[in-house]
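Biologist: I'd like to learn how to read domains and chain shape from a model. Can you walk me through it?

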Amino acid sequence: MRRMSAKFLVCMLAVAIGCKQEQQGGGNVGAADTAAIKVGEVGSMTGTEATFGTSSHNGIQLATNEVNGAGGIKGRQIVVIALDDQGKPEEAATAATRLISSEHVVALLGEVASTRSLFMAPKAQAAKVPMVSPSSTNEKVTAVGDYIFRACFIDPFQGYVMAKFATDTLKLKKAAILRDVRNDYSVGLAKVFNDNFTKLGGQIVDNQSYSSGDVDFKAQLTNIKSAAPQALYIPGYYTDVGLIARQAREVGLTVPLLGGDGWDSEKLYEIGGQALEGSYFSNHYSVDDPSPRIQEFVAKFKKAYGGQVPDSLAAQAYDAAGMLYDAMKRANDISGPAVRDALAQTKDYRGVTGDITMDDKRNATKPAVVLRVGKGGKYEFSGRIQPEGMKESNPAEAPRANPDQPKKTEGNTAPNPAPGTTPTPTPAPAPGATTSAQNAATTGQRQGVPAGEHPKK
Amino acid sequence: MIHFLQHVVHGVSLGSIYALIALGYTMVYGVLKLINFAHGDVFMLGSMMGWYASSRWTQEAAHPSWLGAIAVTLVSMAICGTTGFLIERFGYRPLRDSPKLNSLITAIGFSFLLEYGGQFVFGPNPRAFGALPISSSDQFPVLGVSISYIDVLCVGVSVVLMVVLHRIIFHSRTGTAMRAVSWNPSVAALMGINIDRIISFTFVLGSVLAAVAGILFASAYRKVDPLMGLMPGLKAFVAAVLGGIGNVQGAMLGGLILGLAEQLVASYVSSQWKDAIAFSILILILLIKPSGLLGKGAAEKV
């Protein structure tokens, strides 16, 4: 016993000395004002959503290198310290704490998944460290506090976009929903899709659920088939969606599948294969979008990462980092509160995913695109849906009324679509598609399931 | 009615895989009175090795053929059999004379070792498995119910393996020795039976069956990842207890009941209830008939 306490004492001492050194280090940084600005990143670099983390990391790196290459911020370089949370909410919280308390980061970038962002946000809020989530679309994330921002639109908008697309463009009257009850994101999208689809004159004929990680969905799918919907909305993540798509075809459910940005991964098609062809999902941007801003980004990204095509998570992370660095440049000094204030004032930041403006709830207001999964897993640009009050000021950024004829609307300034772009067989959304996100936002729900449950022995 | 039959078809297919895994639990328990919790993870290893054999070491998955699929299965069986042997040889054998609890804890340890060691070695990302020339979307209709060839394969292979296993246990010298060891190890040893060899054989046999189950499961559900053994393993354990642990037919029956219960609960009650129901069945059976449906109610000799 005595030996143990002695050991304990030594440990405490070591920790205390460590802390002291850390503080001294911190003091030096403040004094010199030339040391690097530390920014923390938390992402799922491994796990079932590993591509979310690695894509985001690439996007953040690209943005950081550009800013550093241009001389940094206020003469200081940026260092991004990235931690892997393995896709686990508790790990995300631990990583955030570690970045804040031992690395003394100025700001946090991450997480992609809403569930994990919700675990990180209270840590950032408590320490007054601004946090920018690139892709967490669940409403509750930024509601945690005034230091939490996001560079993407929120769930109500995505649910609304798909409901609008299904009724206006696909002319559907009957749809079914299959949602992941263990995922805040999925539950949120399903709820808003349900409300808006019904409001737009459609009917939800069946509402089923699953738990992420399940491998057998045949029971639910057989029930859905008997309800004879014209489409099935599955706002889940790509691994589950791939399996669901296959099993849907197996039980003879051949209608188009609809989904959200959680589908966006190369793995989706690897697992789901042909079963996914002809399905649609809402997303933040499309690589096939011929606008110069996007094509320039795609070219830069490909050059930096050996020809790899940036998915929407990479684009959003690029924008999230860019937005943060932009705010740092505008901020009075590089401290948490000053950067927070500058972030809150972001207006018409020209991101690759669209012009971003922060609303009073620290959510980004910007348009969404709908993509179609084509032959061989190629995503085809099928339309763009604007939130209300979004001015289409920049002609190069205007939504194409008809993606089949980009030149007409783009004028001479627009380059041709990327080689290999398959013309989309579906018409673009009707002009009325530019409507109220506000309506959608008010119908958004506050419910959810306890996050972060994992199968345990 | 057609929907009900469709759910039954899916349930039987799932149940036959549970039954194959349950056999491993039941045999090891029969011989050693040990619940080998690592068994579900040997099942995972079977799928994972199948993936490696078909997609990494060879290009089998790109051009699947029956011959290739059989070769992949044999490779996976060999690796799992070896793993089962090693786990028993170095994990359980040294503890055979210690209290049963020690072996049980070791079993749980091996389970975690395989799961998280698997995450470390194979990476935690799910992979798509496709070693068979048929996929679950190849189907034929019977009375309005669509049955996939994979379902038929799962049930067919399970039944064949169970018959083979039954013959081994009841109509071979090794099987007789297994039953003798199960009855009373020290007397069996006095009769000149090499207990170590019989126990090793039991582990290898169970692990080989788990490998086959792993290949079938991965073919039916396509996704392979290092934690996939957790739930099927637990459910197969429930199936083994349900049917009467130590009883081969019981494992088959238990697997089928569990597979059916899961599908029917998911379709007529709620998918969120299916696991709760599966484990409620376990509790109920243990309360009403502690020895399981087909288990012998033999009093334990003290």
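This is a predicted model: local features need pLDDT of at least 70, side-chain atom pairs count only at pLDDT 80 or more; totals for chains, interfaces and linings use all residues.

Biologist: Which domains does the assignment give for chain A?

Modeller: Domain bounds come from an automatic or database domain assignment. In chain A, domain 1 covers 36-153 + 294-352, and domain 2 covers 156-283 + 368-443.

Biologist: How many residues of domain 1 of chain A are in contact with domain 2 of chain A?

Modeller: On the domain 1 side there are 17, and they meet 18 residues of domain 2 of chain A. Helices (H or I, at least four residues) and strands (E, at least two) are DSSP runs, numbered from the N terminus. In chain A, α4 (114-127) and α12 (312-330) each supply at least two residues of the domain 1 side that touches domain 2. The most come from α4(A), with 3 residues.

Biologist: And how does the radius of gyration of chain B compare with that of a compact globule?

Modeller: The radius is taken over C-alpha atoms, and the globule rule is 2.2 Å times the number of residues to the power 0.38. For 302 residues that rule gives a value near 19 Å, and chain B has 19 Å, so the two agree. Chain B holds 11 helices and 4 strands, and its C-alpha atoms fill a box of roughly 55 × 45 × 35 Å along the principal axes.

Terms used. Residues are numbered from 1 along each chain as its sequence is written. Chains are lettered from A and ligands numbered from 1 in the order in which they are written. Two residues are in contact if their C-beta atoms, placed from the backbone, lie within 7 Å.
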